[in-house]
Amino acid sequence: MPELTREDVASWDEADPLLSFRDEFELPEDVLYLDGNSLGALPKKTAARLQQIVADEWGRDLIRSWNAHDWIRYPRRVGDRIAKILGAVPGQVIAADSTSVNLFKLLGAAVGLGGSRTGILSEEENFPTDLYVAQGFSGFLGTCRLKLVPRTALVTAIDDDVAVVTLTHVDFRTGEMHDMRELTRLCHERGALVIWDLSHSAGAVPLHLDRDDVDFAVGCGYKYLNGGPGAPAFLYVAARHQEAIRPPLSGWMGHEAPFAFDTDYRPAAGIERHLCGTPAILAMAALEVGVEIMARADMEQVRAKSKKMGDLFLRLVDETCDGLGLTPAGPRDSGKRGSQVSLRHAQGYPIMQALIAENVIGDFRAPDILRFGFTPLYLRYVDVWDAAMVLKRILESGAWQRPEFQKRQLVT
Ligand SMILES: Cc1ncc(COP(=O)(O)O)c(C=O)c1O
């Protein structure tokens, strides 16, 4: 492989078709932000939009804003914008609640459609909230068996009892990506529905939910969609399933006529029945700004840059950190990787703390994973280069051994 220089990498930035998106985000000059897979950066327009909605819509127009500014249809409006990013036609996505809550709703929907099948199948490696929600749901129902198997045993575990398989598309620890199309096909062939958690996929990799015949999906608004801390999540239900579903969290906002104040629940037509309570309007407005930016980006360009950044980082780690205790935790093949690179090191926690102290921000996932997220809209190739050089310096100098880096914080 020819020697690569920082100048070479800087020339990639000059030719980057996504480069101008960086100007749409507030980023501290001295920070290399490799954690947009956990919390996306702040779009420049967000503060002004929030100020406007607070002053004009909430402050001046008060409760009239539900109609005057169409607050009531905000979850659907933002959902339709997200649908584009997911490869779905409008009318199948809403923005609401958290990913965990939406998962509960969709487990209820899927098991309800399962007929005599009542089982839920997932992989042991799934994100913990997905496992905990499935455990809570099956325990609450009492009649629904939850089966957790290793990733490698998934397909053979889809037996006649499985109503729904619930999976995360891109593994939060390793970045390994499932083949959504093929797994969905296999689940259907065996008579099961599928719920995909797209928290690490939406805005990170091209998605084709309609084309791939996906049944259900959920995902976070605060990661690659840049909706802000605790942003509303999203939920997708394929049009073909919608009318048959009776939502388990049947709140008034999902009623056919919330302001009729009927005694009995009647589901709203289509996707809106998956709303439960009053939407968080301020948070929805912030999410809309992030989603609007993402929806303008060409996802094929995003993917190409994300792969190239991940490959660059892995190459630099191979070349400069050899013998310093790092091993890749996920695929080297960029086609099988989401938009992150994960590295194992026995001292992963203090090393990440030392990186953060040097303004190279990634995160740590127990027991030993250093996680670096690549967000093509606002990260440059030179940032990847510089981050790798700081990592090398910290490992070579042993700077991570300082006592202040050993203390575990609540959030890692
Ligand atoms: C794959 C995955 N699903 C769900 C969540 C959590 O979702 P929420 O906190 O919105 O319920 C996360 C958070 O990082 C995640 O990575």
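Predicted model: local features only at pLDDT ≥ 70, side-chain atom pairs only at ≥ 80, totals over all residues.
## Around Trp-196

Leaving aside neighbours within four places in sequence, Trp-196 is in contact (heavy atoms within 4.5 Å) with Leu-167, Thr-168, His-169, His-178, Met-180, Leu-183, Thr-184, Val-214, Phe-216, Ala-217 and Val-218. Residues are numbered from 1 along each chain as its sequence is written, and side-chain values use heavy atoms, without hydrogens and water. Local features need pLDDT of at least 70 and side-chain atom pairs count only at pLDDT 80 or more, while totals for chains, interfaces and linings use all residues.

## The nonpolar cores

A nonpolar core is a set of buried Ala, Val, Leu, Ile, Met, Phe, Trp, Tyr and Cys residues joined through side-chain atoms within 4.5 Å; buried means under 20% relative accessible area with a 1.4 Å probe, protein chains only. In soluble globular proteins, nonpolar side chains tend to be buried together.

The largest nonpolar core has 60 residues, and Trp-196 is among those with the most contacts inside it, as are Ile-82, Leu-86 and Leu-377. Elements giving two or more residues to this core include α4 (74–86), β8 (193–197) and α10, with helices (H or I, at least four residues) and strands (E, at least two) taken as DSSP runs numbered from the N terminus. Helix α9 gives the most, eight residues. Apart from this core lies another of 37 residues, among them Leu-4, Ile-351, Tyr-381 and Val-390.

Now for a sheet: four strands form an open one in the order β11-β12-β15-β14, with antiparallel pairing (two strands pair if DSSP finds at least two bridges between them). Strands β11 (327–328) and β14 (363–365) stand at the edges, each with a single partner strand, so one side of each has no neighbour in the sheet. Three bridges join β14 to β15, and Asp-363 stands opposite Arg-371 in β15.

Is Arg-371 buried or exposed? Arg-371 is buried, with a relative accessible area of 2%. The side chains of Arg-371 and Ser-38 are joined by a polar contact of 3.0 Å: a pair of N or O atoms within 3.5 Å where, within protein, one must be able to donate a hydrogen and the other to accept it, and residues adjacent in sequence count only if both atoms are side-chain atoms.

## Around the ligand

Finally, 13 residues surround the ligand, each with a heavy atom within 4 Å of it. The closest are Thr-99, Ser-100, Asp-197, His-200 and Lys-223. An N or O atom in the side chain of His-200 is 2.7 Å from a ligand oxygen atom, and a polar backbone atom of Thr-99 is 3.1 Å from a ligand oxygen atom.

Key
Buried < 20%, exposed > 50% of the residue type's maximum accessible area, 1.4 Å probe, protein only.
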